[in-house]
Amino acid sequence: MLKTMKKSSLVLALFAVASTALVTITFALTKDQIAYQQQQQLLTTLNQVVPRSLHDNELYKACTLVSNSDALGTEQPMPIYLASLNDKHSGAAIEAIAPDGYSGAIKVIVGVDANSMVTGVRVLSHQETPGLGDKIDTRITRWVDSFLGKSVDNLEDKSWAVQKDGGQFDQFTGATITPRAVVKAVKKAVWFYKTHQDELQTLPLNCEAN
């Protein structure tokens with residue numbers, strides 16, 4: 001009986017070691033491919049929110065980390081990608097968090113040109129209810145395109161709100177909280193860029209080091 005238990009334990013231990021080794025080897029073989037795919041997805045998204053006509057630099061490399069919980073919705077440093085065209089600053093893509101989504105935080109990226117006009121918005125991650133709040137996702141609707149060409153005059157601008165609150169942006173039937181959170185996050189990100197554009201251009205490009 002004792003020999004059988006020892007034998008079983010040895011088999012289990014060998015199996016655990018083999019499994020761990022397999023996972024380690026698989027990760028080592030695929031991590032570069034995973035990193036490449038993530039980079040390609042980032043490039044696609046950046047070119048969607050800051051069109052190629054507005055920049056000729058590699059946006060993902062022109063990245064600086066910025067901490068501003070009031071404007072960007074989180075205590076964590078957030079990436080801001082600085083666009084340039086013919087060696088002249090031409091806009092940015094700003095990652096921000098809408099902390100007050102219906103089902104949790106919503107991560108967005110907001111593209112703006114040098115005049116602080118919105119050139120694109122994408123939702124990077126969310127946990128909103130399928131069929132209701134998920135309409136912020138471009139795979140479901142093009143609601144985020146309603147931000148295109150808009151700017152923020154000041155943080156008291158009442159037009160930057162959903163229609164239920166007297167603003168210009170559509171809300172979703174049965175899911176007002178979600179679009180309200182995204183509108184507020186985009187508004188703050190645009191205003192932050194508008195009021196800090198010159199400062200952003202002096203910051204170190206430090207995203208790859210983190």
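In which helix is the place of T178? Select T178 and see: the residue sits in helix α3. Before going further, note that the model on screen is predicted.

**The whole chain**

Show the chain as a cartoon. Three helices and five strands make up its elements. Read from the N terminus, they come in the order α-β-α-β-β-β-β-α. Now switch to a surface view. Of the 210 residues, 39% count as buried. Among contacts in the chain with a separation of 6 or more, 51% are between residues 24 or more positions apart.

**Stop 1: T178**

Go back to T178 in helix α3. Is T178 buried or exposed? Its relative accessibility is 2%, so T178 counts as buried, the cut-off being under 20%. Next, select G101 as well and draw a distance between the two C-alpha atoms. T178 and G101 are 77 residues apart in sequence, yet their C-alpha atoms are 5.1 Å apart in space. Then show what surrounds T178. Leaving aside neighbours within four places in sequence, T178 is in contact with Y102, I106, E128, G133 and I136.

**Stop 2: T176**

Select T176, which is in the loop between β5 (118-125) and α3 (177-200). The UniProt record, an unreviewed entry, carries the annotation "modified residue: FMN phosphoryl threonine" for T176. Why does T176 count as buried? The reason is its relative accessibility of 14%, because buried means under 20%. Which residues does T176 contact, once neighbours within four places in sequence are left aside? They are V162, K164 and Q171.

**Stop 3: F172**

Stay in the loop between β5 and α3 and select F172. With a relative accessibility of 7%, F172 counts as buried. F172 and L132 are 40 residues apart along the chain, and 6.9 Å separates their C-alpha atoms. L132 is also one of the contacts of F172 beyond four places in sequence; the others are G133, K135, I136, W143 and P179.

**Stop 4: A96**

Move to strand β3 and select A96. A96 has a relative accessibility of 0%, so A96 counts as buried. Which residue is 93 positions away from A96 in sequence but 6.8 Å away in space, C-alpha to C-alpha? Select A189 to see the pair. A189 is also in contact with A96, as are L72, M78, I106, K107 and V108, with neighbours within four places in sequence left aside.

**Stop 5: T45**

Now find helix α1, which covers residues 2-49, and select T45 within it. T45 counts as buried, because its relative accessibility is 9%. Apart from neighbours within four places in sequence, T45 is in contact with I109, R122 and L124.

**Stop 6**

Most residues other than glycine have a negative phi. Two residues here have a positive one.

- Select N86, in the loop between β2 (78-85) and β3 (88-101). Phi of N86 is near 55°. At 63% relative accessibility, N86 counts as exposed.
- Select S116, in the loop between β4 (104-113) and β5. S116 is not a glycine, but its phi is positive, about 65°. At 3% relative accessibility, S116 counts as buried.

**Stop 7: the second largest pocket**

Rolling a probe the size of a water molecule over the atoms shows where empty space is left. To bring up the second largest pocket, select its lining: L155, E156, D157, K158, W160, A161, V162, D165, R180, V183, K184 and K187. What is the volume of the second largest pocket? The value is about 170 Å³. Color the lining by residue type: five residues are nonpolar, none are polar and seven are charged. V162, one of the lining residues, was also listed as a contact of T176.

Terms used. Residues numbered from 1 in each chain as written. Predicted model: local features only at pLDDT ≥ 70, side-chain atom pairs only at ≥ 80, totals over all residues. Heavy atoms only, no water. Helix = DSSP H or I, 4+ residues; strand = E, 2+ residues; numbered from the N terminus. Buried < 20%, exposed > 50% of the residue type's maximum accessible area, 1.4 Å probe, protein only. Contact = heavy atoms within 4.5 Å. UniProt positions renumbered as here; feature names shortened; annotations may be inferred. 1 Å grid on protein atoms, 1.4 Å probe; cavity = no way out; pocket = protein on both sides within 12 Å on 5 of 7 lines; lining within 4 Å. Points joined across faces, edges and corners; volume = space filled by probe spheres on them. Nonpolar A, V, L, I, M, F, W, Y, C, P; charged D, E, K, R; others polar.
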